[in-house]
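The exercises below each set a task and then work through a solution step by step. Please keep the sequence and the model at hand while reading.

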Amino acid sequence: MLAALEKAGVDYIVIGGLAAGLRGATHVTFDLDITPTRSRDNLDRLADALRALNARLVDVPDEVAAAFQLDGLALGNGSIWNFATDHGGLDVAFEPSGTGGYSDLIRSASPVELEGVTVRVAALADVIRSKKAADRPRDRAVLNDLQRTLELEAEQQPDR
C-alpha cells in the first residue's frame, strides 16, 4: 500500500496503530491509517493510488458502495473513509480525533523507512492524543502501552 501511495505521489502522514508500532509500541495492527493533505491535486493522486490497490468502501450499505465514484472530489467530501484493498485495510482520516489534521500532525511527524519507502509518521504523543480523544474501547485498551512507550522514548533522549 505504501508503495502505491508513493508511486502516486500522495502527501500523507501514517497515523494510528502502525505509527505507534513504528514508534516502539508493542500492540499489533493489521491496517494502514493515514491523514492526507486535502488539496484537490493530492486527493486526485490518492484516488489514483486507491484504484491501483483495487480499493473498495467498507462499512457502508452495498448500494452506497456500488454508487461511489472514487475520485478526488468524492474523497474531499468525506472526513473518514474505510477501504478494503487487495493488500489489506486502508483507512483515510482527514482530522483524526483530537487533532487538527495534516497541518497539526506534520509539525511533529518524522520520516521513517518502511518496506523501502520513506514515509512521514505521526509522533507517538499525537497518536496518544488522538486515541484519548476517540475514547473507543480499542483505543483505551492500548493507551497504557502507548504511554509507557512514550515514557521510555523520553528516557532515551539525551538531555537538551
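**Exercise 1.** How many nonpolar, polar and charged residues does the lining of the largest pocket have?

*Solution.* Before starting, note that this is a predicted model, in which local features need pLDDT of at least 70 and side-chain atom pairs count only at pLDDT 80 or more, while totals for chains, interfaces and linings use all residues. Residues are numbered from 1 along each chain as its sequence is written, and side-chain values use heavy atoms, with hydrogens and water left out.

Step 1. The largest pocket has 26 lining residues, and nearest its centre lie Asp33, Lys131, Arg136, Arg138 and Asp139.

Step 2. Sorted by class, this lining has 10 nonpolar, seven polar and nine charged residues.

Step 3. As for its source, H7 gives the largest share, five residues.

**Exercise 2.** Describe how helix H7 and helix H8 are arranged.

*Solution.* Step 1. Locate the two helices (DSSP runs of H or I, at least four residues, numbered from the N terminus): H7 covers residues 124–134 and H8 covers residues 137–156.

Step 1. Their axes, which are lines fitted to C-alpha atoms over the stretch in contact, with angles from 0 to 180 degrees between N-to-C directions, come within 10 Å and cross at roughly 155 degrees. That angle makes H7 roughly antiparallel to H8, a term for angles over 145 degrees.

Step 2. List the contact (heavy atoms within 4.5 Å): H7 contributes Leu124, Ala125, Val127, Ile128, Lys131, Lys132 and Ala134, and H8 contributes Asp139, Val142, Leu143, Leu146, Gln147, Thr149 and Leu150.

Step 3. Classified as in the previous exercise, the contact of H7 with H8 has nine nonpolar, two polar and three charged residues.

**Exercise 3.** Which residues line the second largest pocket?

*Solution.* Step 1. The space in this pocket is about 180 Å³, a volume being the space filled by probe spheres set on the grid points.

Step 1. Its lining consists of Met1, Leu2, Leu18, Thr29, Phe30, Asp31, Leu32, His87, Leu114 and Glu115.

Step 2. These residues divide into six nonpolar, two polar and two charged.

Conventions. Parallel < 35°, antiparallel > 145°, perpendicular 65-115°, else oblique. Nonpolar A, V, L, I, M, F, W, Y, C, P; charged D, E, K, R; others polar. 1 Å grid on protein atoms, 1.4 Å probe; cavity = no way out; pocket = protein on both sides within 12 Å on 5 of 7 lines; lining within 4 Å.
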